[in-house]
Amino acid sequence: EEIQKAIMSKCERIGVLADIIELKAHFKKHHDTGTKAKHSVKLHLFSNVGDFVAEHTDWEIMNALHESLRTLETEIKRKKSKLAD
């Protein structure tokens, strides 16, 4: 539920910049060491501006998710500014 809430919140912000067609999210748990495990989050966003991919790995799944979402937003802003020039 927390993951879905974070994704929806960021998609609302990204939706102002570009029309989101589809967002695919892949989560992977790896490198189990005792009680901790590393998590990878890979996001693939399709929009009217283009396709964007962001992937981050962290010991906390929410940190990896937030970094991936932040990267997507940054890349979309960068692409929009290039298109505006």
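## Overall layout

From the N terminus on, the elements of the protein chain run α-β-β-β-α. That makes two helices and three strands. The model is predicted. Along the principal axes, the C-alpha atoms fill a box of roughly 50 × 25 × 15 Å.

Of the 85 residues of the chain, 31% count as buried. The accessible surface comes to about 5800 Å². Carbon and sulfur atoms account for 48% of that surface. Among contacts between residues at least 6 apart in sequence, 43% join residues at least 24 apart.

## The hairpin

Strand E1 covers residues 20-33, and strand E2 covers residues 36-47. The two pair in the antiparallel sense over 11 bridges. Lys24 has His44 in E2 as its bridge partner. Two residues lie between the strands of this hairpin, and Gly34 takes a positive phi near 70°.

## The nonpolar core

In soluble globular proteins, nonpolar side chains tend to be buried together. Here the largest nonpolar core has 17 residues. Leu43, Phe52, Leu65, Leu72 and Ile76 have the most contacts inside this core. Helix H1 (2-17), E2, strand E3 (51-58) and helix H2 (61-84) each supply at least two of its residues. H2 gives the largest share, six residues.

Leu65 touches Ile3, Ala6, Ile7, Phe27, Val41 and Leu43. That list leaves out residues up to four places away in sequence.

## Aromatic rings

The count of aromatic pairs is zero, with ring centres required to lie within 6.5 Å. Trp59 does have a charge over its ring: Lys36 lies over the face, at 5.1 Å from the ring centre.

Terms used: Residues numbered from 1 in each chain as written. Predicted model: local features only at pLDDT ≥ 70, side-chain atom pairs only at ≥ 80, totals over all residues. Heavy atoms only, no water. Pairing = 2+ DSSP bridges. Helix = DSSP H or I, 4+ residues; strand = E, 2+ residues; numbered from the N terminus. Phe/Tyr/Trp six-rings, centres within 6.5 Å; stacked < 30°, edge-to-face > 60°. Lys NZ or Arg CZ within 6 Å of the ring centre and 35° of its normal. Core = buried A, V, L, I, M, F, W, Y, C linked by side-chain atoms within 4.5 Å. Buried < 20%, exposed > 50% of the residue type's maximum accessible area, 1.4 Å probe, protein only. Contact = heavy atoms within 4.5 Å. Areas by Shrake-Rupley, 256 points an atom, 1.4 Å probe, with all protein chains shown as cover.
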